[in-house]
Amino acid sequence: MNMNTKPVLIYKSNMTYFHTALPVYFYGMPDGSISLVYARFYEINFHNTGLEFVFAELEDFSYDFETGQIYRYSSIEICLGDFREMVDRPETRIKITKSLRNIDSYAEAQVHINRMAGSRKEIVFA
């Protein structure tokens, strides 16, 4: 597999239980993981807020980059509709890998997630 392959946008959610009122983007990564990106506001001081972008991985899902198949718990195939329903719940488990305050847009976040995709090792599906 070419590790320079860009992540695949699986789903964009506008209404989630994540700590944001802004959209959450879910990406299938070439290494088989599913990453997500969302922006949230943080307080700089009393009358001033900033925007930070959170990069995370879904803990209970994986993605076969070659076929586009989504898996729950690494072995249960699920369809995109079920995936959407499952990740838009309060019990969705994620592992935050990074949060950045030095980027200003989802376009800049996309550049960062593309870099992340190129630096990971591939998961082999049987």
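**Cores and ring pairs in a predicted model**

Reader: Hi! Which residues touch the most other members in the largest nonpolar core?

Author: Those are Phe26, Ile34, Leu36, Leu58, Phe61, Ile70 and Phe83, in a core of 18 residues. A nonpolar core here is a set of buried Ala, Val, Leu, Ile, Met, Phe, Trp, Tyr and Cys residues joined through side-chain atoms within 4.5 Å. Buried means under 20% relative accessible area, exposed means over 50%, and partly exposed is in between, with a 1.4 Å probe and protein chains only. Keep in mind that this is a predicted model, where local features need pLDDT of at least 70, side-chain atom pairs count only at pLDDT 80 or more, and totals for chains, interfaces and linings use all residues. Residues are numbered from 1 along each chain as its sequence is written, and side-chain values use heavy atoms, leaving out hydrogens and water.

Reader: Thanks. Which elements give two or more residues to this core?

Author: Strands S1 (8-13), S2 (24-28) and S3 (34-45) do, along with S4, S5 and H1. Helices (H or I, at least four residues) and strands (E, at least two) are DSSP runs, numbered from the N terminus.

Reader: And what is Leu58 in contact with, leaving aside neighbours within four places in sequence?

Author: Leu58 is in contact with Phe26, Ile34, Leu36, Phe83, Val87, Thr92, Arg93 and Ile94. Contact means heavy atoms within 4.5 Å.

Reader: How many residues are in the other core?

Author: That core, which lies apart from the largest one, has 13 residues, including Tyr25, Met29, Ile113 and Met116.

Reader: Let's switch to rings. How many aromatic pairs turn up in the whole structure?

Author: The search finds eight. Rings of Phe, Tyr and Trp (its six-membered ring) pair if their centres lie within 6.5 Å; planes under 30 degrees apart count as stacked, over 60 as edge-to-face and the rest as tilted. For Phe53 and Tyr106 the centres are 5.2 Å apart and the planes at 90°, so this pair is edge-to-face.

Reader: Where do Phe53 and Tyr106 lie?

Author: Phe53 is in strand S4 (residues 48-58) and Tyr106 in helix H2 (residues 106-118), so the pair ties together parts that are 53 residues apart in sequence. Phe53 is buried at 1% relative accessible area, while Tyr106 is partly exposed at 24%.

Reader: What about Phe61 and Phe83?

Author: They form an edge-to-face pair too, 5.3 Å centre to centre with 90° between the planes. Phe61 belongs to strand S5 (residues 61-64) and Phe83 to helix H1 (residues 80-87), so their pair ties together parts 22 residues apart in sequence. Both residues are buried.

Reader: Which residues do ring pairs link into a cluster?

Author: Tyr11, Phe18, Phe26, Tyr38, Phe61 and Phe83.

Reader: Nice. Over which ring does the charged end of Arg101 sit?

Author: Over the ring of Tyr42, 3.6 Å from its centre. The rule is that NZ of Lys or CZ of Arg is within 6 Å of the ring centre and within 35 degrees of the ring normal.

Reader: One more residue: is Ala56 buried or exposed?

Author: Buried, with a relative accessible area of 0%. Ala56 is in strand S4, and beyond its neighbours within four places in sequence it is in contact with Ile34, Ser35, Leu36, Ile94, Lys95, Ile96 and Thr97.

Reader: Finally, what pattern does the protein chain follow along the sequence?

Author: It reads β-β-β-β-β-β-β-α-β-α, with two helices and eight strands. Of its 126 residues, 43% count as buried.
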